[in-house]
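Open the model in your viewer and keep the selection tool at hand. This tour moves from one selection to the next.

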Amino acid sequence: MSETKPVLWNRNFVQCCISYFLMNFAFYMLMPTLPVYLVEELGISTSEVGMVLSSYTIGLLCVRPFSGYLVDCFSRKLLYLFAFTIFACLFAGYWFAMTVYTIMAVRFIQGGFMGLTSVSGNTITIDVIPSKRRGEGMGFYGLTINLAMSLAPLVAVGLYDRHGFFWIIGIALVIALVGIGSVGLIRYPKREKVPRPAFSLDRFILVKALPAALAYLLVAIPYGMLLSFVVLYGKEIEVPNPGYFFICMAIGVGTARLISGRLVDHGKIHVVSIVSLVSLAISFSVFATVHTSFVFFACALAIGIGFGVSVPAFQCLFVNVAPHHMRGTATSTYLTSFDFGMGIGMLSAGFIATRANLATAYEVGAVCCLLSLFVYIRLVKASYERNKLIP
């Protein structure tokens, strides 16, 4: 007699997905439009744009290592509500920030609170997902951020052309405020009090997951390049309506998520990860070298599939080697590695574009995917098998 599957789509999981989607949708509305606003309206150079975009990553990295410790020690839902509220209110700061340094300051502070918001939200979600459906659950949960990263820029580009940057800020603020309401609907039980862990390295970084963190950081570099500069790249190679890149990417992400989480739950975590990294390396190579509209949008679909497949697999590489009381640290390490890579990608793409062009930047991105594959095969696979815990 087959064992009944535990319920995945309960009230709490649905609200976790909605709140995380709204948080990321609001934030990623700025990714393609802020560079265009800075270049076309404020007259800022491409290299300075990279600095502005990466300032939020610096804020993230200042807070993320401590976020896991806070989430493991204090009320996860209260931290989520507090950080989400400050994160949302900071959108109003863009209305008053009119110079490079003031915009960098707003992004830096918002990045810090986004770091705490995402770690607490991810950890709560891991807690409400049945362990036997963790890969599938994190696949769908991860789909929310991938869809937000894909759909928000598409919506934002259309709004920017019609109404300008300040309208985008107002809409993002409203969306984020709705997200706070969604967090309030999560019924999260009080955890039993446990002794507060002492300050040590493994309370801020999940040491057992460092090989996976390196591989994930490397593959996040081209992702940062992509989100920040793909619209400018499309204009550079004369692709009409480059904003549609994001809807093609979203279709790829959604298609991949239908199967990737279940494959991970059935023990195919290494196959899923390796196939995704090979696919991404090929896709970025073609994207950088073949400059036609068809290839531009076909690569958007392929890249979406690659990242859509990789996210649930990589998240399980972190969570499955962490005991329950260190899930906040595991989530923090997972997100920090990706954000650090994205920040490097944003910053480096701006400098590479200044000295060469964006096509060269995406060629570098393809090399990063190959390096990630090498690290995975040589280090990550063996480390995971040695340290994984039974859920």
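**Stop 1: the aromatic cluster**

Select Tyr216, Tyr223, Phe284, Phe307, Phe314, Phe318, Tyr334, Phe338 and Tyr376. Ring pairs join these residues into a cluster. Keep in mind that the model is predicted. The count of aromatic pairs comes to 32. Two of them deserve a close look.

Start with Tyr216 and Tyr334. Their rings form a stacked pair, 5.1 Å centre to centre, with 15° between the planes. Colour by helix and the link shows: Tyr216 sits in helix 8 and Tyr334 in helix 12, 118 residues apart, so distant parts of the chain are joined. Are the two residues buried or exposed? Tyr216 has a relative accessible area of 3%, so this residue is buried. Tyr334 has 5% and is buried too.

Now select Tyr223 and Phe307. Their ring centres lie 4.4 Å apart and their planes meet at 70°, so this pair is edge-to-face. Tyr223 belongs to helix 8 and Phe307 to helix 11, and 84 residues separate them. This pair, too, links distant parts of the chain. Both Tyr223 and Phe307 are buried.

**Stop 2: the largest cavity**

How many cavities of 30 Å³ or more does a search of the whole structure find? There are two. The largest has a volume of about 220 Å³.

To centre the view, select Tyr20, Ile145, Met149, Leu335 and Phe338. Of the 24 lining residues, these five lie nearest the centre of the cavity. Phe338 was also part of the aromatic cluster at the previous stop.

Which helix gives the most? Helix 6 does, with five residues. Colour the lining by class: 16 residues are nonpolar, six are polar and two are charged.

**Stop 3: the second largest cavity**

Select Lys208, Ala209, Pro211, Ala212, Leu317, Val321, Val380, Ser383 and Tyr384. These residues line the second largest cavity. About 50 Å³ of space lies inside.

Helix 8 and helix 13 (358-387) each supply at least two residues of this lining. Helix 13 gives the most, with three. By class, the lining of the second largest cavity has seven nonpolar residues, one polar and one charged.

**Stop 4**

Follow the chain out of helix 8 and select Glu238. This residue is in the loop between helix 8 and helix 9 (245-265). Most residues other than glycine have a negative phi. Is Glu238 buried or exposed? Its relative accessibility is 70%, so Glu238 counts as exposed.

Finish with Asn241. This residue lies in the loop between helix 8 and helix 9 as well.

Key: Residues numbered from 1 in each chain as written. Predicted model: local features only at pLDDT ≥ 70, side-chain atom pairs only at ≥ 80, totals over all residues. Heavy atoms only, no water. 1 Å grid on protein atoms, 1.4 Å probe; cavity = no way out; pocket = protein on both sides within 12 Å on 5 of 7 lines; lining within 4 Å. Points joined across faces, edges and corners; volume = space filled by probe spheres on them. Helix = DSSP H or I, 4+ residues; strand = E, 2+ residues; numbered from the N terminus. Nonpolar A, V, L, I, M, F, W, Y, C, P; charged D, E, K, R; others polar. Buried < 20%, exposed > 50% of the residue type's maximum accessible area, 1.4 Å probe, protein only. Phe/Tyr/Trp six-rings, centres within 6.5 Å; stacked < 30°, edge-to-face > 60°.
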